There are 2 protein chains.
Amino acid sequence: MPYTYEYPRPALTVDCVVFAFDPSNKSLKVLLIQRLADPFKDSWALPGGFVEMEEDIETAAKRELKEETSMENIFLEQLYTFGTLGRDPRGRVVSVAYYALIPLQKAQTPIAASDAKAAKWFSIDKLPPLAFDHNDILQLGLQRLRGKVRYQPIGFELLDEKFSLSDLQRLYETVLGVQLDKRNFRKKLAKMGVLIETDEYQQNVPHRAARLYRFDKEKYHQLIHDGFNFEL
Amino acid sequence: MPYTYEYPRPALTVDCVVFAFDPSNKSLKVLLIQRLADPFKDSWALPGGFVEMEEDIETAAKRELKEETSMENIFLEQLYTFGTLGRDPRGRVVSVAYYALIPLQKAQTPIAASDAKAAKWFSIDKLPPLAFDHNDILQLGLQRLRGKVRYQPIGFELLDEKFSLSDLQRLYETVLGVQLDKRNFRKKLAKMGVLIETDEYQQNVPHRAARLYRFDKEKYHQLIHDGFNFEL
DNA sequence: TCAAAAGTGTTTCTGCTACACCCATGC
DNA sequence: GCATGGGTGTAGCAGAAACACTTTTGA
């Protein structure tokens, strides 16, 4: 069933840089799949695939994500469109890259979809060589995450719905690669007033249990509307 | 000469949001073309066109820009890729949008390219209705410009190579939509040390002539390298 | 009782804000 | 000589940074 056009057209794909954060060892992780077929058979690559004709690009990205993680309602934003000649040995392929943030706790063990031999979380400082220009894409995603995390509250997307202040601090320290002062960090967040104190505490920890908080999206949007600026 | 593929493929285009700044009346301008053919014949639209098969996407954007403005070496950055179903009545068309910044002084009168009846600068607060989803694209470009101008020195791209401090201040006031204090603005810039004082002054002004400055790109990149952060 | 992390205030210092007058030039 | 924008310094204040000890819990 062939499709014919008057002028040549590139193929259109999506690729996803999926981040997760493990507070226990302060490591930022990326989801990779191992390719089942050539080109780059057995190489690790970003999850992705072709955009269907009757499907929005972002929908395609969500579909691919669901295949690998069985998760829906994931935080997802467009990152950049890669279309240099020769980036795919099969011919002209333009790829719209997205980045996604998911709470590691909720993420089940990743599933190898039909086009993958395996799917696995990799710590961003222990990455294997990647297929195509996927390393460029991944690095750009990382850069975007680091840039955006400090003036938009997207970091919360990497934590469970309820989290301790120390986990939040560990997240920021990891993503930004800095050391933060506990008291100043808490003071700043308290002043912003976008955290809701719950009555719950950590369970089964071998030390004093930390109180858990939730991010107050409503309040945040209201504050934004009034000209507030989230920062650090 | 038809081209045939096993699966259907969207057409790929580029669209450019081209900004310029007129310090004399503090207005931010956008370049629009008037469409020569259907769909949206006679409507105003962003300059753009199809991406050739053997051409990088950014190269396509530069080519389109050169056709309308006869300028090369323009500041150009990818903005977002628009691909919702139904955004073009002719069928599935995915458009990679770019935004460009050019110094109004250097820009000659825009030229209507082959696909355009006219090309004209519009002040962003007096825009005509636009074809396709081009208003969305334009607004996103504006948002990006406003967001980026405060922590990356891209504003200089909208000024001549040599400019007065007042022009620079007017630019920031216009883009950000705020009023700035002259002394504080100058103090901040002086402290950053990314401006080179020239020995030249404004010509033919009916008042004291302002000294002209240049942006020091070298110095800026060196400072960035040392962990400096441009802001405001 | 020990280990491990949670939780909590004050002081210092730096950087932002607010603010007004004289200067040079063209008409 | 007048109108127009160019150019310059200081004082007060708010917010960031630095910093150490007590509390709770499980083992």
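Select A:Lys29 and A:Ala20 to begin: A:Lys29 lies in β3(A) and is the bridge partner of A:Ala20. The model in the viewer is predicted.

Next, display the whole of β3(A), residues 27-35. Nine of its nine residues are buried. In a regular strand, side chains alternate between the two faces of the sheet. On one side of β3(A) are A:Ser27, A:Lys29, A:Leu31, A:Ile33 and A:Arg35; on the other are A:Leu28, A:Val30, A:Leu32 and A:Gln34. Both faces are covered.

Now centre the view on A:Ile33. This residue stands opposite A:Ala119 in β8(A) and also opposite A:Ala45 in β4(A). Strand β8 (residues 116-123) of chain A runs antiparallel to β3(A), with seven bridges joining them. Strand β4 (residues 44-45) of chain A is likewise antiparallel to β3(A), paired over two bridges.

Finally, turn to the second largest pocket, which has a volume of about 490 Å³. Which residues lie nearest its centre? Select A:Tyr7, B:Ala11, B:Leu12, B:Phe50 and B:Val51, which belong to a lining of 24 residues. In chain B, then highlight β2 (11-22), β5 (48-50) and α1 (57-69), each of which supplies at least two lining residues. Colouring the lining by residue class will show ten nonpolar, four polar and ten charged residues.

Technical notes. Residues numbered from 1 in each chain as written. Chains lettered and ligands numbered in written order. Predicted model: local features only at pLDDT ≥ 70, side-chain atom pairs only at ≥ 80, totals over all residues. Heavy atoms only, no water. 1 Å grid on protein atoms, 1.4 Å probe; cavity = no way out; pocket = protein on both sides within 12 Å on 5 of 7 lines; lining within 4 Å. Points joined across faces, edges and corners; volume = space filled by probe spheres on them. Helix = DSSP H or I, 4+ residues; strand = E, 2+ residues; numbered from the N terminus. Nonpolar A, V, L, I, M, F, W, Y, C, P; charged D, E, K, R; others polar. Buried < 20%, exposed > 50% of the residue type's maximum accessible area, 1.4 Å probe, protein only. Pairing = 2+ DSSP bridges.
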